[in-house]
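Biologist: Can you walk me through this one? I'd like to start with a side-chain contact and then go on to the helices.

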Amino acid sequence: MVGVSVSVIGRMAKPLSSPRVTKLIAEKLVPHEAIAKRSCEIYEWGRGGSAEDNWFRAERELLGF
């Protein structure tokens, strides 16, 4: 996913390969393009809020919150 903007859900942990370093362990990545598409669907459905509200709602849905 080089050059693609994404939203990430994960946790901070020490991987077995590098126990001295804390890293973000990504559990799910969602491209911003998918979030934008879902945000537009929410808007078109007529039950959304502001553009920011729709974005955050779409992000939560796609990341599984």
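Modeller: The side chains of Ser7 and His32 make a polar contact at 3.2 Å. Keep in mind that this is a predicted model.

Biologist: Where is Ser7 found?

Modeller: Ser7 sits in strand 1.

Biologist: Is Ser7 buried or exposed?

Modeller: Buried. The relative accessible area of Ser7 is 8%, and the cut-off for buried is under 20%.

Biologist: What does Ser7 touch, leaving out residues up to four places away in sequence?

Modeller: Its contacts include Ile35, Glu59 and Leu63. Lys28, Leu29 and Val30 are also among them.

Biologist: Switching to helix 1. Which residues are buried there?

Modeller: Ile35, Ser39 and Ile42. They cover an arc of only 60° around the axis, so they are on the same side of helix 1.

Biologist: What covers them?

Modeller: The cover includes strand 1, strand 2 and helix 2.

Biologist: And which exposed residues are on the face turned away?

Modeller: Glu33, Lys37 and Glu44.

Biologist: Now helix 2. Which of its residues are buried?

Modeller: Asn54, Ala58, Glu59 and Leu63. Seen down the axis, they fall within an arc of 150°, so they line one face of helix 2.

Biologist: What do they pack against?

Modeller: Strand 1, strand 2 and helix 1.

Biologist: What comes just after helix 2?

Modeller: Gly64, with a positive phi of about 85°. Helix 1 is followed by Gly46, and its phi is positive too, near 85°.

Conventions
Residues are numbered from 1 along each chain as its sequence is written. This is a predicted model: local features need pLDDT of at least 70, side-chain atom pairs count only at pLDDT 80 or more; totals for chains, interfaces and linings use all residues. Side-chain values use heavy atoms; hydrogens and water are left out. Buried means under 20% relative accessible area, exposed over 50%, partly exposed in between (1.4 Å probe, protein chains only). Helices (H or I, at least four residues) and strands (E, at least two) are DSSP runs, numbered from the N terminus. The arc is that of the directions from the helix axis to the C-beta atoms. Contact means heavy atoms within 4.5 Å. A polar contact is a pair of N or O atoms within 3.5 Å; within protein, one must be able to donate a hydrogen and the other to accept it, and residues adjacent in sequence count only if both atoms are side-chain atoms.
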